Amino acid sequence: ALRGVSAVSDKIAWASGQKGTFLRTLDGGTTWRAGKLPDAADLDFRDVQAFDAKTAYLLSAGPGIASRIYKTVDGGERWNLQMTNPDKEGFWDCFAFWDDSHGIVVGDPVDGRFTVMTTKDGSRWIRQKGPQAQAMEGAFAASGTCVTTRGTREAWFGTGGPSGARVFHSTDGGETWSVAKTPIRNDSANAGVFSIAFADNGRGVAVGGDYSKAGDATSTGAISPDAGKSWSAIALPGYRSAVAYSPSLGLWIAAGISGSEVSNDGKDWRPIGSSAINALSFSGSAGWAVGPAGFIAAFRSK
């Protein structure tokens, strides 16, 4: 199963998945090089963030030391283990970057606060004082997109669980956070916000639902007109694990294991496929999706 994808250009993309797996294409998807990290066969790489043909980061998600960050600067020939989760009860969910040396990791709460770590040099990760979590609130590592960044300091992440379906917002690189409630369902530990994306004008879309009820369309999406300060419901046909925005195309894409949709405004959606998808990524007009059993698809705008 492929769980993460990162589009660099119309030719270059990286993907990641179970059993320590990563993939890379340099020719627009015609051919892919697949590899495994040494001593990482038990790791589940839920997220990958790439910046060119040689530079990429991998995030594995799992309890305690199964959560790790790796980096390559030579196209995947060698990987440097940058950090292993120091919290036995911790679980890292997703990461995102402002540029190739400034990034942020979000993990489930430890001692009542969400785990937030940042890097300012692409090498060392520093723990921040994460925002307070409510009882039974956490994040989801479904697609590596429970956190997103914009500009040089702005970040958002979404939560789930019986006290979740909230979106946290930082304007100072993850040092302090505000929070807003969304109408996405959070009636179980399986439900909440799974993915979030923002356009440059501050419009945001959050998707999720209950991953154990893939075809249930109850409260699976929300839209914000004001950079995450307020949210209203949008209609999607089922649980969605990923959402992405392409500024060059002016399109939003939402996807999950029961299909995918496209929207021009984030409010009204039309179906574009029925394939099971775990994660999405856009760079310019180039879009990529990955899913179960090694599934990879390229998005083409007609």
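Buried means under 20% relative accessible area, exposed means over 50%, and partly exposed lies in between, with a 1.4 Å probe and protein chains only. By this rule C94 is buried, because its relative accessibility is 0%.

## Basis of the model

This is a predicted model, in which local features need pLDDT of at least 70 and side-chain atom pairs count only at pLDDT 80 or more, while totals for chains, interfaces and linings use all residues. Residues are numbered from 1 along each chain as its sequence is written, and side-chain values use heavy atoms, with hydrogens and water left out.

## The disulfide

A disulfide is a pair of cysteine sulfur atoms within 2.5 Å. The whole structure holds one disulfide. It joins C94 to C146, with an S to S distance of 1.8 Å. The torsion about the S-S bond of C94 and C146 is about -80°, so this disulfide is left-handed.

C94 lies in strand 9 (residues 92–99), and C146 lies in the loop between strand 12 (126–128) and strand 13 (147–150), so the pair ties together parts that are 52 residues apart in sequence. Strands are DSSP runs (E, at least two residues), numbered from the N terminus. C146 is buried, because its relative accessible area is 1%.

Two strands pair if DSSP finds at least two bridges between them. Strand 22 (residues 251–256) and strand 23 (residues 259–263) run antiparallel and are joined by five bridges. W252 has S263 in strand 23 as its bridge partner.

## Salt bridges

A salt bridge is a side-chain nitrogen of Lys or Arg within 4 Å of a carboxyl oxygen of Asp or Glu. The count by this rule is 12 salt bridges. One of them is between E137 and R166, whose side chains meet at 2.9 Å, N to O. This pair links distant parts of the chain: E137 is in the loop between strand 12 and strand 13, R166 is in strand 15 (residues 166–170), and they are 29 residues apart. E137 is buried, because its relative accessible area is 6%. R166 also counts as buried, at 10% relative accessibility.

Another salt bridge joins E154 and R150, with the closest N and O atoms 2.9 Å apart. E154 is buried, with a relative accessible area of 15%, and R150 counts as buried at 19%. The side chains of D74 and R78 also meet in a salt bridge, at 2.9 Å from N to O. R78 is exposed, because its relative accessible area is 60%. R3, D44 and R46 are linked in a network of salt bridges.

## Around G35

G35 lies in strand 4 (residues 33–36). At 15% relative accessibility, G35 counts as buried. Leaving aside residues up to four places away in sequence, G35 touches G20, T21 and F22, where contact means heavy atoms within 4.5 Å. G35 and D108 are 73 residues apart in sequence, and their C-alpha atoms are 29 Å apart in space.

Methods. Helix = DSSP H or I, 4+ residues; strand = E, 2+ residues; numbered from the N terminus.
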